[in-house]
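Please work through the exercises below with the sequence and the model open beside you, and try each task before reading its solution.

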There are 4 protein chains.
Amino acid sequence: MTLSPVSLKALDAPGQPTPSPELDELYRGFERELLVPLWTEIGDLMPTSPRPAAVAHRWRWSELVELAERAGELVPVGRGGERRAIALANPGLGGAPFATPTLWAAIQYLNPREDAPVHRHTQHAFRFVVEGEGVWTVVDGDPVAMRRGDFLLTPGWRFHGHHNQSDTPMAWLDGLDIPFVHATGSAFFELGPDAVEDRSTPVRSRAERLWAHPGLRPVSQPSPAPSSPIAAYRWEHTDAALADQLALEDEGHPGVIEPGHAAVRFTNPTTGGDVMPTIRAEMHRLRAGVRTASRREVGSAVWQVFDGEGVARVAEREWPVGRGDLVVVPSWVPLTFTAGAGLDLFRFSDTPIFERLHADRVEVEQGP
Amino acid sequence: MTLSPVSLKALDAPGQPTPSPELDELYRGFERELLVPLWTEIGDLMPTSPRPAAVAHRWRWSELVELAERAGELVPVGRGGERRAIALANPGLGGAPFATPTLWAAIQYLNPREDAPVHRHTQHAFRFVVEGEGVWTVVDGDPVAMRRGDFLLTPGWRFHGHHNQSDTPMAWLDGLDIPFVHATGSAFFELGPDAVEDRSTPVRSRAERLWAHPGLRPVSQPSPAPSSPIAAYRWEHTDAALADQLALEDEGHPGVIEPGHAAVRFTNPTTGGDVMPTIRAEMHRLRAGVRTASRREVGSAVWQVFDGEGVARVAEREWPVGRGDLVVVPSWVPLTFTAGAGLDLFRFSDTPIFERLHADRVEVEQGP
Amino acid sequence: MTLSPVSLKALDAPGQPTPSPELDELYRGFERELLVPLWTEIGDLMPTSPRPAAVAHRWRWSELVELAERAGELVPVGRGGERRAIALANPGLGGAPFATPTLWAAIQYLNPREDAPVHRHTQHAFRFVVEGEGVWTVVDGDPVAMRRGDFLLTPGWRFHGHHNQSDTPMAWLDGLDIPFVHATGSAFFELGPDAVEDRSTPVRSRAERLWAHPGLRPVSQPSPAPSSPIAAYRWEHTDAALADQLALEDEGHPGVIEPGHAAVRFTNPTTGGDVMPTIRAEMHRLRAGVRTASRREVGSAVWQVFDGEGVARVAEREWPVGRGDLVVVPSWVPLTFTAGAGLDLFRFSDTPIFERLHADRVEVEQGP
Amino acid sequence: MTLSPVSLKALDAPGQPTPSPELDELYRGFERELLVPLWTEIGDLMPTSPRPAAVAHRWRWSELVELAERAGELVPVGRGGERRAIALANPGLGGAPFATPTLWAAIQYLNPREDAPVHRHTQHAFRFVVEGEGVWTVVDGDPVAMRRGDFLLTPGWRFHGHHNQSDTPMAWLDGLDIPFVHATGSAFFELGPDAVEDRSTPVRSRAERLWAHPGLRPVSQPSPAPSSPIAAYRWEHTDAALADQLALEDEGHPGVIEPGHAAVRFTNPTTGGDVMPTIRAEMHRLRAGVRTASRREVGSAVWQVFDGEGVARVAEREWPVGRGDLVVVPSWVPLTFTAGAGLDLFRFSDTPIFERLHADRVEVEQGP
């Protein structure tokens, strides 16, 4: 946030002191002593409801892919740059590569037979695969295959690198809490080996073999963990869970969150809570023609269309969306989606931050 | 517990007062006023380590089944008696139908086309199926198929009835916390309809369709629940999880709890903790010839052989065990199992009680 | 619990099988194999609401003191007997020294200049002082003065001994979870030195100096602890808190739990919860003439009159009570107190066990 | 954060692509599509350890008071401006009135007989009084006296106004999480009455009468609350707790956090945790001549000298400090204080945010 100098904007705001040379001198005294009065700033700092600097916006996946492909030709992946990732820069956030004040969203792109070097950082990360396959991300030595529809975790402070084992390039969505960690000053980073060490290409990661059995956990690992130990949430399970909810609705039973709208949350099986301390991730499915209730909540979110097409409406803006397209939703801005012939949506948000700090609020309004 | 009259046993215990007519009179005064001194009872009440009244014991499944079949001929299932269940009565517990001071374990038996009427109670219950199929247990209106290897939940205060849809009888293991609830005075009970209302026979229950997807939960049900919402933990998942652990061991990776010994715990996906507040349940698999470390812990357990054969050693007692056989392990008594040509074991225990009260202790000793 | 043999009581209960020689033989088979059917016992085991074996009862403090004084003459305090404590034996519990199925309540008595030797045990203990002073209890080396109105803790597994530094005997109430620990098999015990090592007699314990400042905790000890680190809750604070609630009521503000009825709970300042994992302790104050609402809850409690006089009504029983008198209230039995010219009541209960296991229930009925 | 345009800084950073017209065009494509590459920004976004924009700084209380007095003459307190509060503006944060990226610290000043109007907001607030008295802050209708040494709470969403009942002006320190709430978009605000309704001037607030008794809580309010219900932590208690720790140290017992350094944390008695979800507050006392270990931690803090004098060293900067002086400590910057003839320090920080998100880290280095 960059606030304007006090003397310019304070003059005629409500509840302000009468301008005078003495007041001017006082304000110059504040500046000299590195002070700013509340009374001139309170409108910005304490609005009636959240007035986020970030704005709603849509990015077309096709544009992202095109630029990523071009970067694949011009930009190497290696030590120093670390990743060929290109981030959404919210137009309200002054050019910073931040989708929202807390969330990072980027397309990452890896050429055939290419490696992204190993490192670790306190920022929590995930990948979501809207199309393609052939890359393995190796997390603390455990190779994790990436395939369309999969949601993959790299919780904070785990070493990880990627390598493309196939003859085609692959692109995917990266989500992290980089802006939040940057703003609060909690970033640590450490280099690992230049290339991943285990180049095997198993269908399932070891983490999945230990943890991705429904309702079961290894007795050898009984404690709650801050982040989920499940490295990959496979599309086949997500798809089945969504289909089950809609089938239950057809049979007259509860499960969906509103008519025609199924949704599952990816969770940490050691706690039942969110996958990582700062990030919530969900998959939503709308039946053909369904329009979701208008909903706003404290905190920001990024949505990506996984399949189908429809229309996103965020506050007064409206965008048609199709496969891969991304929509950024700032805090407390109402959102609805309307499905065309069906719509599958991936969503991630910073909600766990607010829930853990007892600052969460939600408002849902039924449409006409 | 029935303590002997003070005057008989106090005479020569350590730290006791010198016998005298005055002391006798004092002790009679205690009895008159409904008082008992600590100094005569402290050895029983405050032993150096737990000295449970319950004893270790093995029950043969074949004997249980034979008596249950006979009961199937002579004893109807209906209102009043409610269930054709026959419970283990620990020989140390004075004839009460208690496997341990906290746990109930029974064989339940249902004839072809027979119904067990609907009721609910605060006692938490589960079923484990060592053989057979054809019965559906209907929990709060949700029909849940029972098949070999399945672990099925009826958490406290849910209406439930059973019906056998097949032409063969079916028997299974019931586990509950009846003794604990009885001892602490927290039992409530309510009758439901005489017969289950939904006689459909789906392969999967609605609860599974909502909840038994690995790492996923319905967004419509975001809160933690005291008991697991998964009505049935299917054998195919349990089996796969155990097999995965042993395969990981073969490949040199962690997962098993000790060499050749895989184990998974059934959990509440809304918390990552135990399935029900008072009961822990697990499945164990031993490779051929493996002998587990000797282990004792505060709290009691019941084990049932699901497959294979081996030897159970509890303190100084040793029993050969095969499919369906049950072994009861009192608090703080050391236990080892030795597998023949492989051994699959179901276990349930009262451990959550002690963990929640910070009274849990475990001691593991490696064998020679 | 001692259940009667099956064959005697099963005959004409509802839902029982028709008597026959075959049934008799079946029942004998059960006995032989250490089995008991549910259908004959379900009425006892699964009542509509709790039917505790323990009964309501009142003990007169004057009777307890008289017998304790006599024991002071005849019974030494030393190794083996450990404590001159005389416990309430609930008439419904077969002569065991158990006030309720979970709680122990005893008068403990120490002669002038007498020591009770040091030991520790997993049972949680407290003292409540209805009259007198002059004894220090030394808990893990920290001397804690005992004075009228004080509530003093000895959480599980802390070494403790007592010594009377005065020229008069002292008696107080001991409360423990001995019956619960006994029933569940979780008792450990260890001897310490024969006499307390630190015979200093500070007015405040070190624990109080660190922890008994309102809303403050030492930064050096930031973690939650299972039991409260406050060794002594002093009467001056308890009295002030109760007086404040009644004064707030006079001024028209909330605070009391019902008209004329103030109550404070002793808490663990590291969690805000109960002082120990199995025991809740509270102090209640009734204005003159006040009658409390009839209240029953799952779990049992013991009340001791600290000051004043009144009438206790438990289910259909009614007792006049005065200073020091004890009333035992079994699970789910309705209780009211009616104050004479004011009534101060100490209460302890096993409620934390039920709350932690999600088995707590309360029912309050307003009087006519 | 304002990042520079990509093309300017990326050219010679490590791991960057070779400059070329094609690369230039790619970068212009990124700008056009509102995208920013990671590889040019990673040094800023993912440093080896936190590199906060905020810098360490000291403000002199005397300067703050002088300007506040002048504001007292020129600036009215009323609707619109709401408060005569003047905030520290960290020189690293571009002129915004933020002491750190998460914390607000301001001097607030009220003239004799003056009122600050009633409002509420989701931001959590406290007051700390370094000198003076005579103001009551009325929180949800409960008048709370403010006196030297007191720490007073206004948790989020409670209506509050202040009024000066005395004939002298009063100034104090306000602490809030305004910058954090601003950055994350979670601010709500609501006006209340123009003047406080209850103008009574009790010595203790109703909140204290209910909650500020050590280890006691009203039975009528049994649930954990996100923020502390104690409206005022009085200096007499804080002072006594600090004195007790140093006396225990003199006697050879634990309690202080390091030699000669006592410290207490203000806590929420319903949880034992921090007073509010985003703010930790503590009071520290150093004996004469004591130098604290160098300590750095994730998250930022503000310290205010309450009494005495000494030297603050933050990273390479060193400032003498005396009564009322404020020192701001950014994330992961090492800090030591050295006491002159004794030093009492108030501290508040954003640590709860990091602890709840599992992002806390601390490093302590003993001095030479």
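**Exercise 1.** How many residues of chain B are in contact with chain A, and how many residues of chain A do they meet?

*Solution.* The model is a predicted one. In it, 38 residues of chain B are in contact with 37 residues of chain A. As a next step, look for the elements behind the side of chain B that touches chain A: α6 (206-211), β13 (216-218), α7 (235-250) and β15 (261-266) of chain B each supply at least two of its residues. The largest share, 7 residues, comes from α7(B). Sorted by class, the residues on this side of chain B are 19 nonpolar, 13 polar and 6 charged.

**Exercise 2.** Which strand of chain A is joined by bridges to β13(B), and how do the two run?

*Solution.* The strand is β15 (residues 261-266) of chain A, which is joined to β13(B) by 3 bridges, and the two run antiparallel.

**Exercise 3.** At roughly what angle do the axes of helix α4 of chain A and helix α2 of chain D cross, and which residues make the contact?

*Solution.* The axes of α4(A), residues 61-74, and α2(D), residues 21-32, come within 10 Å and cross at roughly 155°. Because angles over 145 degrees count as roughly antiparallel, α4(A) is roughly antiparallel to α2(D). The crossing of α4(A) and α2(D) is left-handed. From α4(A), the contact is made by A:Leu67, A:Arg70, A:Ala71 and A:Leu74, and from α2(D) by D:Glu22, D:Leu23, D:Leu26, D:Gly29 and D:Phe30. By class, this contact has 6 nonpolar, 1 polar and 2 charged residues.

Notes:
Residues are numbered from 1 along each chain as its sequence is written. Chains are lettered from A and ligands numbered from 1 in the order in which they are written. This is a predicted model: local features need pLDDT of at least 70, side-chain atom pairs count only at pLDDT 80 or more; totals for chains, interfaces and linings use all residues. Axes are lines fitted to C-alpha atoms, for helices over the stretch in contact, and angles run from 0 to 180 degrees between N-to-C directions. Helices (H or I, at least four residues) and strands (E, at least two) are DSSP runs, numbered from the N terminus. Angles under 35 degrees count as roughly parallel, over 145 as roughly antiparallel, 65 to 115 as roughly perpendicular and the rest as oblique. A crossing is left-handed if the near helix is turned anticlockwise from the far one by less than a right angle, and right-handed if clockwise. Two residues are in contact if their C-beta atoms, placed from the backbone, lie within 7 Å. Ala, Val, Leu, Ile, Met, Phe, Trp, Tyr, Cys and Pro count as nonpolar, Asp, Glu, Lys and Arg as charged, and the others, Gly among them, as polar. Two strands pair if DSSP finds at least two bridges between them.
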